[in-house]
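User: I would like to learn how to read salt bridges in a protein model. Could you walk me through some cases?

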Amino acid sequence: MKQPKAVFLDIDGTILRSDHSLSPRVARAVTSLEQAGILVCLATGRSWEALEPLYSRLKLSGPTICYNGAFLAGGPEGQKLNEILLNDTAARFAVGKAREHSMEFVAYRHTVLLYETEGPFVRAYRERVGLKGTQVNFDSISKLELTKMIIMSEHEKLEEVQAGLRGRFSSDELVSTFSDPSFLELIEGGVDKGKGLRDVCSLKGISLADTVAMGDGWNDLPMLEAAGDAWIMGGAAPELLRRFPENRRAPDSNADGAALVMEALLEGREPVFE
């Protein structure tokens, strides 16, 4: 296994454990990649503001893929390199669907977290990302200008909502994907982490063949498919795991699977899992 020029890492379930903590071994592996001159790019559904503490803790310096590819942040200051907003028609339709099904939802208006009602899902989400957010009536906003929206509920109910959205909008108009079984994330059509990976490679002059990506969710799949080499984490859904060969399945984040792969990349060898 050759040493890559860039490594793209999902956050939750990949480099963060199930309790959302960062293991020292993963932190050391990321630092070692950076010191070896390998670009480490975090790719997440989170906003830059929610991600910045982790970015700083890892002492990274390169660009970051936020909002599942809808926002590209540059460097430690998080300056906007690119932002793609949800079209207003799709965004308002999604708001209506969430209300129709009495589902909680949040949205990011550029960098600001907004929510309409606060129940257990929204409360837990705000605590998880460390953002207070602002409570609003979305009908009071003349132009929504949303970068991302998340509808929250039980997975089976969200699948029904997703089917309705896909029946109304093509994938060129609206992308809906699960970052968590209870989170249906919505971004502009044609946008995903795979596009984010390609944008970063174009910016840095890196060939896709010289990249490695790691992830555990359906929202990671476009990024994993775009990378030269890809690893799925052991905590992924069974149907997602089956898309990858046995020799590209890493242990889950609680077992430092990402660190094991990164350590092997540095040494130019295949990882060994016990």
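This is a predicted model: local features need pLDDT of at least 70, side-chain atom pairs count only at pLDDT 80 or more; totals for chains, interfaces and linings use all residues.

**Reading the salt bridges**

User: What is the distance between the closest N and O atoms of Arg92 and Asp88?

Analyst: They are 2.8 Å apart, and the pair forms a salt bridge. A salt bridge needs a side-chain nitrogen of Lys or Arg within 4 Å of a carboxyl oxygen of Asp or Glu, so this pair qualifies.

User: How do I read the exposure of Arg92?

Analyst: Partly exposed covers the range between buried, under 20%, and exposed, over 50%. Arg92 has a relative accessible area of 29%, so it is partly exposed. Asp88, at 31%, counts as partly exposed too.

User: Which parts of the chain does the pair of Glu145 and Arg109 link?

Analyst: Their side chains meet in a salt bridge at 3.7 Å, N to O. This pair links distant parts of the chain, 36 residues apart: Glu145 lies in the loop between strand E8 (134-135) and strand E9 (148-152), and Arg109 in strand E6 (residues 104-109). Glu145 is partly exposed at 30%, and Arg109 is partly exposed at 28%.

User: Which residue does Glu154 pair with?

Analyst: Glu154 forms a salt bridge with Lys157, with 3.6 Å between the closest N and O atoms. Bridges can also share partners: Lys2, Lys5 and Asp210 are joined that way into one network.

User: And how many salt bridges are found in the whole structure?

Analyst: The search finds 21.

Terms used. Residues are numbered from 1 along each chain as its sequence is written. Side-chain values use heavy atoms; hydrogens and water are left out. Buried means under 20% relative accessible area, exposed over 50%, partly exposed in between (1.4 Å probe, protein chains only). Helices (H or I, at least four residues) and strands (E, at least two) are DSSP runs, numbered from the N terminus.
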